[in-house]
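Below is a short report on selected secondary-structure elements and their surroundings. Keep the sequence and the 3D view at hand while reading.

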Amino acid sequence: MAPESTPPILVEINNLTKSYRRGVQIIKVLENVCLNIPEGEFLALMGPSGSGKTTLLNLIAGIDQPDSGLLRIAGVDISLLSESELAVWRHRNVGFIFQFYNLVPVLTALENVELPLLLSELPRVRRRQQAELALKLVGIYDRKDHYPRQLSGGQQQRVAIARAIVSDPVIIAADEPTGDLDKVSAGEVLQLMTRLNQELGKTIIMVTHDPRAAERASRLQHLDKGVLNACTV
Amino acid sequence: MKIPLSYSYRNLVTRRLTTVLTAGGMGLVVFVFAAVLMLAEGLRQTLVATGSYDNAVVLRASAESEVQSIIERDKAAIIASQPEIALNKEGRPLVAQELIVLFNLRKRGTNMPSNVTIRGVSPISLELRPEVRLAAGRMFRPGSTEVVTGKDTAGRFVGAGLGETLRFAMRDWTVVGVLDAGNTAFSSEIWGDIDQMQQAFRRPIFSSVILRLRAPGDFYNLKARLEADPRLPVQVKREIVFYEDQSKRMADFIRLLGLVLTVIFSLGAVLGAMITMYAAVATRTVEIGTLRALGFSRGNVLTAIMLESLLIGLLGGLAGLGAASLMTFFTISTTNWQTFAEVAFSFTLTPDIAAKSLLFGLGMGLLGGFLPALQAARMNIVESLRAL
């Protein structure tokens, strides 16, 4: 029997530091964080409030910039990218799932899912086909013409997941994806995310407070006061 | 444009009350803006339409209007003998010496006095103005105390209607006909026999000499010769230019006054739009953060918010223009400062005014939306997403 090959490292974080300024006070949120995430992993980040888990997720997702340290994703050190380069990088590489779904209320489910594709060069017909496929994948195609206000929390989160996968991103960044859902809906969303990871091989980084959600992940990392684990460089 | 137009449009529909109120405010300003331009254009077109390109008007040098001009009989005879003057079918020269007198008549309804132009004309005068025709009654008989009145004068002044009697210059004048001169200043005049008018007003002079050119190009020869003639202290103008000059001072004033007013009003409307758009941005902080997180650039967000504001401006522009277009059904009269006589004219909407009004509405939208759009575009993604 051939030995199992180790998947390549997708996210490489070394000595990552991030602080925020509150008036004259500088608050260190992350301190010398080191973390490697292999391709296809479903990683759960847990920790108490203010531990820096969402900040770490934001840095990996490219919506925030570190103060120092290495942050390489799929071979690209994104800490060196300009703001506009980072926007393009996000569109091509990251799918977002938020706690409160963050759907655009004036757009239908289909239009919300199509939104990231508007930044691509795809023609309208192809965009629609791709958005419809994503909605079918998350099992909410029959509600494609509904506005977010016409959908339940669980259904909205499904639409948000469809939006996150529609452009086939390298990473899915999920910030408390079940935080606003009841037990049943949360279970369905987690089931869906597990499928995305196992069947489609998507790399998922999920911030959560919910131990049941964390159980679905293939690896769990705890953050406390901005420290993940000691670096051994 | 990356963020779809439907996003901007539907956001406006979603907050339809504030959209309508903001666009309504802009619409009122556009209405005033368009109405003022239509008023000035109405006056200009009325007076310009009064003139003909083939006709020339000879006035005393430096006189700005016919009222200020005096041309003695001998000088009028010299002018009438110029070779550039066209002949009619009977071989008579198409030239008319006319006398202008202003007289106070009382308006129907209000009984307020207002100046009316009384024009002493010769039979050739009608041939020189083909746009003037008899709408009712008949033409006055030469040598009689009969007059014909323009349709606007007939309707607006006491005693000026068909069959009525006007009293001026110590005589009673019977109105035997009503002239329809379209939208020209002649519709606001009273015409009578030149000899009778000269006697009645004791003015043995003419105010102007109107003539038809054999060819439009003959104007330059005629002008050069008459204005260089030491016997004739006169100026020669094309009739169309003469009437355009008559409208210029007042039209310019209306335009200036209107523009000053609308600029002041528009400040209020722009502030209104700005408040609306700031509120719209404030309630959509998370949404804007999400769009930025998905990869939309600051420019994309700026464009989408600006587009929303521009749509409000366009809506206001269309509403204001629509309301202003109803003004074309109204005719108003006022005293032209250059001639001191009452002239009736309509609000006139031209494609140029329509375009300017829509651009004005869009301009207000642009100004009102710029700062809120800039604020939206400059939002920090992480802070926006935390704004729940």
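The text takes chain A, then chain B, with a table of strand pairings.

This is a predicted model.

**Chain A: a sheet and a helix on it**

Four strands form an open sheet in chain A, in the order 2-1-4-5, with antiparallel pairing. Strand 2 (25–38) and strand 5 (76–77) of chain A each have a single partner strand, so each has one side without a neighbour in the sheet. Helix 1 (residues 53–61) of chain A packs on this sheet. Helix 1 touches strand 1 (9–22), strand 2 and strand 4 of chain A, and its direction makes about 120 degrees with that of strand 1. Strand 4 (residues 68–73) and strand 5 of chain A run antiparallel and are joined by two bridges. There, A:Ile73 stands opposite A:Val76.

**Chain A: helix 6**

The N-terminal end is capped by A:Asp182, with a side-chain oxygen 3.0 Å from the backbone nitrogen of A:Val184. Buried residues of helix 6 include A:Ala186, A:Leu190, A:Met193 and A:Asn197.

**Chain B: domains**

Chain B is divided into domain 1 (5–48 + 246–385) and domain 2 (62–232). Their centres, taken over C-alpha atoms, are separated by 45 Å. In contact across the two domains are 17 residues of domain 1 and 17 residues of domain 2.

**Chain B: strand 7**

Strand 7 (residues 171–180) of chain B is mostly covered, with seven of its 10 residues buried. The table lists its pairings.

| Partner strand in chain B | Sense | Bridges | Facing residues |
|---|---|---|---|
| Strand 4 (residues 133–137) | antiparallel | four | B:Gly137 and B:Gly177 |
| Strand 5 (residues 146–150) | parallel | five | B:Gly150 and B:Leu179 |
| Strand 6 (residues 165–168) | antiparallel | four | B:Arg167 and B:Asp172 |

Strands 6 and 7 of chain B form a hairpin with two residues between the strands. In this hairpin, B:Ala169 takes a positive phi near 50 degrees.

**Chain B: one buried glutamine**

B:Gln198 sits in helix 6 (residues 194–201) of chain B. Its relative accessible area is 5%, so B:Gln198 is buried. Beyond its neighbours within four places in sequence, B:Gln198 is in contact with B:Arg73, B:Leu99, B:Arg203, B:Pro204, B:Ile205 and B:Phe206. B:Glu98 is 100 residues away from B:Gln198 in sequence, yet 9.6 Å away in space, C-alpha to C-alpha.

Methods. Residues numbered from 1 in each chain as written. Chains lettered and ligands numbered in written order. Predicted model: local features only at pLDDT ≥ 70, side-chain atom pairs only at ≥ 80, totals over all residues. Heavy atoms only, no water. Buried < 20%, exposed > 50% of the residue type's maximum accessible area, 1.4 Å probe, protein only. Polar contact = N/O pair within 3.5 Å; in protein donor to acceptor, adjacent residues only side chain to side chain. Pairing = 2+ DSSP bridges. Contact = heavy atoms within 4.5 Å. Axes fitted to C-alpha atoms, helices over the stretch in contact; angles between N-to-C directions. Domains from an automatic or database assignment.
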